[in-house]
Amino acid sequence: MRQKLNRIKSLLTPPLGGWGVLFLLSFTLQSGETIIDRAAEAYRKAGGISASFVMNNKSPQQGYAESFEGTILMKGEMFVLETPDMKNWFNGSTLWSYMEHTEEVNVSSPTGEDLRFTNPAILLMNYKKDFTATHKGEGSVNGKKTDKIELLPKTKGDVTKVELQLDKNTHLPVRVIVDMRNGSTGTITINEIKTNINYPDTRFTFNPAEYPDADIINLR
């Protein structure tokens, strides 16, 4: 059971390991902590969120590189995360992970630690425990001026550094780069983000009627 849960966690975050930072919001020219404290408040006010993105993963040591598109919907602690071969629903307590190639749905009850790189609400509310935030100046992504924020983990783990680039006009993320201890790097570039969407809570719960052939595996 633990092995299958670890598999779900790896599918949610490889090698990026940093889904949650994808939605950090920001204010300019402030200390790292001030920026993220304001980000947490901005996230709370954003309501329902929808974003499309491109993810690029590479590992020179292992000689591979991949790129794919995805979408994520969010509301508070809830989310729906979709990539080409996997879809995940989290309703605040239960996580359903549907793998298209096996037609399996793994059901689990992840902890806050499991979701801290998947769910921005948890990361934003608890970042001071896990990270040191530093404002690293300005940059540019696709013609948009950005503020750079560096997050360094306080304890040794898989993630060694996270760089956020945040639009100076909207304070929303346009790029996230995550460096892993194994030498791999994951980069998320945001193509479009919308806020204040009125999602019903049921949007974040797996509906078995939509996947009648799926094999549901309870890992709780």
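View 1. At 57% relative accessibility, Asn196 counts as exposed (exposed means over 50% relative accessible area, buried under 20% and partly exposed in between, with a 1.4 Å probe and protein chains only). The model is predicted, so local features need pLDDT of at least 70 and side-chain atom pairs count only at pLDDT 80 or more, while totals for chains, interfaces and linings use all residues. Residues are numbered from 1 along each chain as its sequence is written, and side-chain values use heavy atoms, with hydrogens and water left out. Asn196 belongs to strand 11, which covers residues 185–197 (strands are DSSP runs of E, at least two residues, and helices are runs of H or I, at least four, both numbered from the N terminus). The backbone angle phi of Asn196 is near 60°, which is a positive value in a residue other than glycine.

**View 2. Gly186 is a buried residue of strand 11.** Gly186 is also placed in strand 11, but Gly186 is buried, with a relative accessible area of 0%. Although Gly186 and Lys58 are 128 residues apart along the chain, their C-alpha atoms are separated by 6.6 Å.

**View 3. Pro173 is a buried residue of strand 10.** Strand 10 runs over residues 173–180 and contains Pro173. With a relative accessible area of 3%, Pro173 is buried. Between Pro173 and Thr189 there are 8.4 Å in space, from C-alpha to C-alpha, and the two residues are 16 apart in sequence.

View 4. In general, side chains of opposite charge can pair when their charged atoms come close. Here Lys161 forms a salt bridge with Asp179, and the closest N and O atoms are 4.0 Å apart (a salt bridge is a side-chain nitrogen of Lys or Arg within 4 Å of a carboxyl oxygen of Asp or Glu). Lys161 lies in strand 9 (residues 159–167) and Asp179 lies in strand 10, so this pair ties together parts that are 18 residues apart in sequence. Lys161 counts as partly exposed at 29% relative accessibility, and Asp179 also counts as partly exposed, at 22%. A search of the whole structure finds four salt bridges, among them this pair of Lys161 and Asp179.

View 5. Lys87 is found in strand 4, which is made of residues 86–90. Because its relative accessible area is 14%, Lys87 is classed as buried, whereas Glu82 is partly exposed, with a relative accessible area of 35%. The two residues form a salt bridge in which the closest N and O atoms are 3.8 Å apart. When residues up to four places away in sequence are not counted, Lys87 touches Val80, Leu81, Glu82, Trp96, Ser97, Tyr98 and Tyr211 (a contact means heavy atoms within 4.5 Å).

**View 6. Lys194 and Glu192 meet in a salt bridge.** The side chains of Lys194 and Glu192 form this pair at 3.8 Å, taken from N to O. Lys194 counts as partly exposed at 45% relative accessibility, and Glu192 is likewise partly exposed, with a relative accessible area of 43%.

**View 7. Five acidic residues gather in a negative patch on the surface.** The patch of negative charge consists of Glu66, Asp85, Glu100, Glu103 and Asp213 (patch residues have over 30% relative accessible area and no salt bridge, and like charges are joined within 9 Å, nonpolar side chains within 5 Å). Asp and Glu count as negative, and the place of the charge is taken as CG of Asp or CD of Glu. Glu66 lies in strand 2, which covers residues 64–75, and Glu66 is partly exposed, with a relative accessible area of 37%. Glu103, by contrast, lies in the loop between strand 5 (95–99) and strand 6 (104–108). At 36% relative accessibility, Glu103 counts as partly exposed, and its phi is near 55°, a positive value in a residue other than glycine.

**View 8. The whole chain gives the setting for these close-up views.** The protein chain has four helices and twelve strands, and of its 220 residues, 48% count as buried. Among contacts between residues at least 6 apart in sequence, 53% join residues at least 24 apart. The chain exposes about 10800 Å², of which carbon and sulfur atoms supply 46% (areas come from the Shrake-Rupley method with a 1.4 Å probe).
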